[in-house]
Structures are given as C-alpha cells and as structure tokens.
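The following exercises concern a single protein chain. Please consult the sequence and the structure while working through each solution.

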Amino acid sequence: MNNKLTYINEIEIVNDTFIYANQFTTNYIYKINISTGKIVNYWSMYNLYLVQYNSLTYTQRLLYNWSNNVLNGIAYRKETDTFFVGGKMWDFMFEVKL
C-alpha cells in the first residue's frame, strides 16, 4: 500500500492515536497512525455512494453533477465508536462502524 496520500479532505482524530481521513474525489476513508504517519487500514464507501445513485430517477441521473458526488465528510461518535459519513452532493448521511 502506498503510504503517501494527497487531497486529504476531512479528518477526525480518535483517541489521540489515529487520524481517520477521507481522500477528496474518492470514496475511501484511511486510518493513519498519528505517531508514525503510516496508513494502517482503509475502507471503501462505494456502497454508500450507490445508495445515492440508486435513489435517483433516470432523469435526475442525467442532470446530476457527478463530479461533485463524492465522499466529503466524516465525524467520529465516541459514545458508539462509529462514524457519520456523508457526501458532497449526497441526500443521505450514514453511521458506520469501521
């Protein structure tokens, strides 16, 4: 795995140990060790993107701004050890366990 990330868009620091970050224009979230700066895990949120895609009618899909339909938000919820994630043009927000 390449340990050099570009276009980091949103970050959350969890337990002063890890940074969780999404990479702009992709549907990926990365877990980065704060001490070493190394990527220790990553997840695809492509299935969440598909929820948005499948919610649109054929006509809406033709008019949709797909260049902005990307993962664009991550927020940690300590009480449940989960994350809220959403997209720049998404109609939905999701709570996920990473």
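**Exercise 1.** Determine which residue forms a salt bridge with Glu95, and where the two partners lie.

*Solution.* Glu95 forms a salt bridge with Arg77, and their closest N and O atoms are 3.0 Å apart. A salt bridge here is a side-chain nitrogen of Lys or Arg within 4 Å of a carboxyl oxygen of Asp or Glu. The pair links distant parts of the chain, with Glu95 in strand β7 and Arg77 in strand β5 (residues 71–77), 18 residues apart. Strands (E, at least two residues) and helices (H or I, at least four) are DSSP runs numbered from the N terminus. Next, consider accessibility: Glu95 is partly exposed at 39% relative accessibility, and Arg77 is partly exposed at 31%. The classes are buried (under 20% relative accessible area), exposed (over 50%) and partly exposed (in between), with a 1.4 Å probe and protein chains only.

The model is predicted: local features need pLDDT of at least 70 and side-chain atom pairs count only at pLDDT 80 or more, while totals for chains, interfaces and linings use all residues. Residues are numbered from 1 along each chain as its sequence is written, and side-chain values use heavy atoms, leaving out hydrogens and water.

**Exercise 2.** Trace how β5, β6 and β7 are joined.

*Solution.* Begin with β5 and β6, which run antiparallel and are joined by six bridges; two strands pair if DSSP finds at least two bridges between them. Ala75 has Phe84 in β6 as its bridge partner. Four residues separate β5 and β6 in a hairpin, and Asp81 in the turn has a positive phi of about 55°. Proceed to β6 and β7: four bridges join these antiparallel strands, and a hairpin connects them through five residues. Here Phe84 has Glu95 in β7 as its bridge partner. Finally, β6 is largely enclosed by the rest of the structure, because five of its six residues are buried.

**Exercise 3.** Identify the buried residues of helix α1 and the strands against which they pack.

*Solution.* In α1 (residues 46–55), the buried residues are Leu48, Tyr49 and Gln52. They lie on the same side of α1, because they cover an arc of only 105° around the axis; this arc is that of the directions from the helix axis to the C-beta atoms. An α-helix has 3.6 residues a turn, so residues three or four places apart point the same way. The buried residues of α1 pack against β6 (82–87) and β7 (93–96), where contact means heavy atoms within 4.5 Å. The face turned away from the buried side of α1 carries the exposed residues Asn47 and Asn54.

**Exercise 4.** Describe the pairing of strands β3 and β4.

*Solution.* Strand β3 (residues 28–33) and strand β4 (residues 39–44) run antiparallel, joined by five bridges. Within this pairing, Ile29 stands opposite Trp43 in β4. The two strands form a hairpin with five residues between them, and Gly37 in the turn has a positive phi of about 75°.
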